Amino acid sequence: MSYIKADGIVIKEINTGEADKILTILSKNKGKITVFAKNSRRPRSKLVAGTQNMCYSNFMLFKGRDMYTMNSCDVIEPFYDLRCDIVKLTYVAHILELVNDIIQEEQPASKTLQLLLNTLYIIAKTDRSCELLTRIFELRFLAILGYAPYVNGCINCGSDDSEHMNFSFKKCGFLCNSCSLIDINAIPLSKGAVKSIYYIIHCSIKELFSFDVSEGVLQELGLITKRFIKDRFEKEYKKLDYLKSLM
Ligand SMILES: [Zn+2]
């Protein structure tokens with residue numbers, strides 16, 4: 001029987017049978033895969049820890065006809081800090097839903113995995129704004145997948161006047177003030193929002209989370225990414241609305 005080793009993170013778990021689970025795992029080498037974890041809900045199973053949602057592990061898997069079967073797992077990072085904080089947990093649930101929806105089975109996903117792990121790590125280990133970290137994740141995730149908006153200047157005339165830029169969902173990128181007439185629904189952006197959006201899409205992964213924004217810019221980023229994701233993927237993501245009901 002052939003088996004593979006794979007580092008990956010559980011992004012979805014479904015209980016099945018008496019004590020089994022079917023997991024969706026985002027793995028380094030195989031992308032998104034479906035894995036059957038027999039008896040993993042039994043308290044004494046050696047699979048208990050590594051088959052929890054958000055757990056990053058090294059898995060030993062057998063490849064079957066329809067899905068993989070888990071033989072063993074060694075936990076690398078369980079992200080315990082996320083599990084006891086309802087706010088952090090909700091942001092992460094939103095991020096995992098996005099990844100699960102948008103990444104196709106066995107599509108190469110090593111960059112997405114790296115981004116996901118970095119994002120979860122910062123959400124888990126720091127007290128930085130989950131709202132900002134999530135916006136950064138969303139925009140960078142879109143860029144990795146080739147869906148980023150055009151932000152190198154005005155998409156119509158090439159002007160790079162960052163003080164007078166608008167965001168056009170219709171044109172999928174920035175429009176300068178003169179060109180904004182071609183899309184009357186384009187949203188005016190502050191200079192801070194223009195800089196932040198450009199930075200998130202183009203900076204190195206190491207520097208991705210090394211900046212902060214004002215409350216105003218954060219609201220602009222939220223407006224842009226939420227609408228952009230809704231338009232692109234024809235789905236409205238509502239998990240974060242739950243947090244507003246708690247405030
Ligand atoms: Zn222009």
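Student: In strand 4, which residue is the bridge partner of D7?

Tutor: The partner is N58. This is a predicted model, in which local features need pLDDT of at least 70 and side-chain atom pairs count only at pLDDT 80 or more, while totals for chains, interfaces and linings use all residues. Residues are numbered from 1 along each chain as its sequence is written, and side-chain values use heavy atoms, with hydrogens and water left out.

Student: How many bridges join strand 4 to strand 5?

Tutor: There are 8, and these strands also run antiparallel. K63 stands opposite Y68 in strand 5. Strand 4 and strand 5 form a hairpin, with 4 residues between them.

Student: Why is strand 4 called mostly covered?

Tutor: Of its 8 residues, 6 are buried. Buried means under 20% relative accessible area, exposed means over 50%, and partly exposed lies in between (1.4 Å probe, protein chains only).

Student: How do you know that the length of helix 3 agrees with its number of residues?

Tutor: The expected span is 1.5 Å times one less than the number of residues. For the 16 residues of helix 3 (residues 110-125) that gives 22 Å, and the end C-alpha atoms are 22 Å apart, so the two agree.

Student: Which residues of helix 3 are buried, and what covers the buried residues of helix 3?

Tutor: The buried residues are T112, L113, L115, L116, L117, T119, L120, I122, I123 and A124. Their cover includes strand 1 (3-16), strand 2 (20-27) and strand 4 (56-63), as well as helix 1 (80-83), helix 2 (86-102) and helix 4 (130-144). Contact here means heavy atoms within 4.5 Å.

Student: What is the strand order in the open sheet of 3 strands?

Tutor: The order is 7-6-8, with antiparallel pairing. Strand 7 (173-176) and strand 8 (187-189) are called edge strands because each pairs on one side only. Neighbouring strands of this sheet are turned against each other by 40 degrees on average, direction ignored. Strand 6 (residues 165-168) is joined to strand 8 by 3 bridges, and F167 has I187 in strand 8 as its bridge partner.

Student: Which strands does helix 5 touch?

Tutor: Helix 5 (residues 191-202) packs on the sheet and touches strand 6, strand 7 and strand 8, with its direction at about 90 degrees to that of strand 8. Helix 6 (residues 215-233) lies across strand 6 and strand 8, at about 140 degrees to strand 8. Axes are lines fitted to C-alpha atoms, for helices over the stretch in contact, and angles between N-to-C directions run from 0 to 180 degrees.

Student: What makes D81 and K125 a salt bridge?

Tutor: The term requires a side-chain nitrogen of Lys or Arg within 4 Å of a carboxyl oxygen of Asp or Glu. The closest N and O atoms of D81 and K125 are 3.3 Å apart, so the pair qualifies. D81 lies in helix 1 and K125 in helix 3, so the pair ties together parts 44 residues apart in sequence. The structure holds 13 salt bridges.

Student: Why is D81 called partly exposed?

Tutor: Its relative accessible area is 34%, which falls between the two limits, so the label applies. K125, at 40%, is partly exposed too.

Student: How far apart in sequence are the parts that D101 and K235 tie together?

Tutor: D101 forms a salt bridge with K235, the closest N and O atoms being 2.6 Å apart. D101 lies in helix 2 and K235 in the loop between helix 6 and helix 7 (241-246), so the parts tied together are 134 residues apart. D101 is partly exposed at 33% relative accessible area, and K235 is partly exposed at 30%.

Student: How far apart are the closest N and O atoms of E163 and K191?

Tutor: They are 3.5 Å apart, in a salt bridge. The pair links distant parts of the chain, with E163 in the loop between helix 4 and strand 6 and K191 in helix 5, 28 residues apart. Elsewhere, salt bridges that share partners join E97, D101, K235 and K239 into one network.

Technical notes:
Pairing = 2+ DSSP bridges. Helix = DSSP H or I, 4+ residues; strand = E, 2+ residues; numbered from the N terminus.
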